[in-house]
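Here are my notes on the model, point by point. Have the structure open while you read.

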Amino acid sequence: MIIIRKNETTLRQSYHPDLYFYAMVKRVLLSVWFLGLLLALPVIFQLPEFFAKYKIRQVLQETTAQPEDYRIYFRDLNNDGKRQKVYSFRNQAGQLAFQYFGDEGGLINQINFSRKYSPNVPWVYFGDANNNGMLEIYGFSLGRDSLFLNWAEPYGPDAGPDRTESLFITRIGVFDVNKLDFTVTRFNVLDLDLDGQREILFSLVTGYSEYPRMLVKINPETLEITTSDDLGINPYIPVYHDLDKDMKLEIIVGSNAYQNLEDSPGDGIIYSRPYLLAYDSDLKPIWPPLPFSPGIDNTLHVLFNPSDMREIVVFQFNRSLPTDRMIGIFRVDYNGNVKDSTFLPEYGKRFKFQVFDGGDFFWLYTGDKMVMINPYLKVIGEKDIDVSAKMYRSRDFEEGFPHIATSDLQSLKVCIYTDYFNHKVEKVFKDEKIRNIIMEVAMGPEYFMIQTDSNEYTYRFGKNRLYYLKFPAFLAIYLLSVLFVWLIMRIREKQLTEWYDLQNQVRDLEIKSIRMQMDPHFMFNAFNSMALLLKNGERDEAFNAFMKFTRMVRLNFDFSDQITRPLSEELEIVRQYLDLNKLRFKDNLEFSVHVAGDVPMSVPVPKMMLQIHVENALKHGLARLETTGKLDLSIVKSGNEIRVSIEDNGIGRQKAAQLNTGSTRQGLKMLQAMYDRLNQQGKPKIFQEIEDLLDENQKSAGTRVNIRIPFTGKDPAVARA
């Protein structure tokens, strides 16, 4: 009992939980379920687009006949609830022109605006200034240094290719190299003072020249022009909002800063600073210009606080500042006082900035992220997007429709985002550059257009029916992977079993070969012959015979761990064997060994390949022959083969079988097993045939063994099992 308790104690102490844990982990990691998961995951990760929630489908491809620099718009020109397509471009006469198309896509008309086309203002604008339900199309042109506003109403009562109007706006300051550097931003047609009468509003922005930098308001009935005071500040991004709740819209303007100004109004304005400006509906300033930090490439963007619509939120993007202060956000009240501010240092290293209203928060686009900022200037989340150079957005963020589109730095890939950037669809072009993406086209909110340098592609954005099969498909992939791993493991297990069986066969062959090599009858006859020589006083002959016997034994044991040996060794053993048998048969045995000079002696051959057939010839064919027995061994090279021929003039196989009914044929069986083992290692196979020789009377005249051994032409090493 004590011993049993000690053994139990020893067993308990030898149990180690860590070893058990490691064994369990190893078992799990090598299980078919885990290996199937490792195989399935790369496949699953390659299929996200195939099972994406949304996909796009091309519905139309058009090749435009317009000049290279043209622009595409979609607007409801005739108030029929459908958007019509409009092209704007420079015509052959050097004028700003536009074409408009019908609901079915056919070209209706082309209208050319008078005077000179300017690449600074290549766009056309849309608005219903006369409030008749039909949109007018506006565009700017130049007459020397004079800026003109032109318009036409394609579906108006007096519509026609020559029914265009034109209005002089102002002169543009000319730089010292006669370069006109200006543009127009934020063109709008709206009821500014909410009196039922719409006005045309836009801002004039210049680069190198100081003037004109002002807001412009036009009464479409009287064509009276009202402008803001030109302070030398670029009113780059005006927005309209009833800030003081007086039922009239105020104009809040974010400006940008330029240097290298040639003109100076002498009013104390620092041209390297952007300013926040505020005007009433008569374009009179509400408060003095509010300065922000100086620097070039420096712009203010204006939004309104969704939690307090009387509060202005200003985003400043100033690339002249360190990255930790490059993006600044300021809360400004309706009196022009800064109430709060913050900076976003983690996003200052980005290369693209754009901000827009997201309803209850603000979206900040940085080129590789979409950042959500609440009304209290706190970052509340971000969405990673593909690195991009441009961003295009739809006016409506309705679920299931395209919201945001981006194009990459090479203008080859478009990414379409929806559902607050939780889903993305990609379109890649190989031979075309992306010029523009139009998010609102004629066919409906689920359609968008990609304009390339040679084509216009219209796509439909919609749900992918395969999306709901995603998880069943992933499960099927996993189960197929498990099945595949299981099959591989079974095949491998079978191969290992066959390999172990072959190893066992090889060991059996080695044992059998050793037994065959030491045939007791041969040993008895050899020693008996040597004893007879000693008795007759032929000591030298007996000594030579003994040395041949020991040489033969040593060669066999040198290759005891192999099933092949070089042809030279096999030939030497056979020669020793024949010489020893010559002592026994004396003049009753004649043999010859012929080896061609081009036979490679180092080629590996099955062990005892020659000895077994020579021994069979002596024991079963020549031993019972009444006349002199003859044995000829010939080895030649033919192409990529070594050809062996062993021929005797014995009694033949049929008669030998009758006289040796107790023969087990173990030698031939062992040799055939060696052939089978070696034939599994390569495509060329060892071939062997045994012929029965007949004389002219069709009686047995001996036996011939033909063996063909494939040879690669090299000098191979001895093959090991």
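1. In which sense do β38 and strand β39 pair, and over how many bridges? The pairing of β38 with β39 (residues 700-710) is antiparallel and spans eight bridges. If you want one spot to look at, E691 has R704 in β39 as its bridge partner. Two strands are called paired here if DSSP finds at least two bridges between them. Helices (H or I, at least four residues) and strands (E, at least two) are DSSP runs, numbered from the N terminus.

2. Some ground rules before going on. This is a predicted model, with local features needing pLDDT of at least 70 and side-chain atom pairs counting only at pLDDT 80 or more, while totals for chains, interfaces and linings use all residues. Residues are numbered from 1 along each chain as its sequence is written, and side-chain values use heavy atoms, with hydrogens and water left out.

3. Now the overall picture. The protein has 39 strands and ten helices. Of its 721 residues, 46% are buried; buried means under 20% relative accessible area, exposed means over 50%, and partly exposed is in between (1.4 Å probe, protein chains only). Taking contacts with a separation of 6 or more, 52% come from residues 24 or more positions apart. Contact means heavy atoms within 4.5 Å.

4. Back to the sheet that holds β38 and β39. This open sheet has five strands in the order β34-β36-β37-β39-β38, and its pairing is mixed. At the edges you find β34 (589-595) and β38 (687-694), each pairing on one side only. On average, neighbouring strands here are turned by 10 degrees against each other, direction ignored. Helix α7 lies across β34 and β36 (629-638), and α7 runs at about 165 degrees to β34. For these angles, axes are lines fitted to C-alpha atoms, for helices over the stretch in contact, and the values run from 0 to 180 degrees between N-to-C directions.

5. That helix also has a helical partner. The axes of α7 (residues 567-585) and α8 (residues 609-622) come within 8 Å of each other, crossing at roughly 20 degrees. That makes the two helices, α7 and α8, roughly parallel; the cut-offs are under 35 degrees for roughly parallel, over 145 for roughly antiparallel, 65 to 115 for roughly perpendicular, and oblique for the rest.

6. By class, the contact of α7 with α8 has eleven nonpolar, two polar and two charged residues. Ala, Val, Leu, Ile, Met, Phe, Trp, Tyr, Cys and Pro count as nonpolar, Asp, Glu, Lys and Arg as charged, and the others, Gly among them, as polar.

7. A second sheet deserves a look. It is open, with four strands in the order β22-β23-β24-β25 and antiparallel pairing. β22 (354-357) and β25 stand at the edges with a single partner strand each, so one side of each has no neighbour in the sheet. The twist averages 20 degrees from one strand to the next. Inside the sheet, four bridges join β23 (residues 362-365) to β24, and the bridge partner of F362 in β24 is I373.

8. Please check two backbone spots. L377 is not a glycine, but its phi is positive, near 65 degrees. L377 sits in the loop between β24 (369-373) and β25 (379-384) and is buried, at 3% relative accessible area. N131, also not a glycine, has a positive phi of about 60 degrees. N131 is in the loop between β6 (124-127) and β7 (136-143) and counts as partly exposed, at 46% relative accessibility.

9. Lastly, two strand residues. T299, in β18 (residues 298-304), is buried at 16% relative accessibility. Leaving out residues up to four places away in sequence, T299 touches I237, S255, N256, F315, Q316 and F317. R71, in β2 (residues 70-75), is partly exposed at 23%. R71 and S88 are 17 residues apart in sequence and 5.3 Å apart in space, C-alpha to C-alpha.
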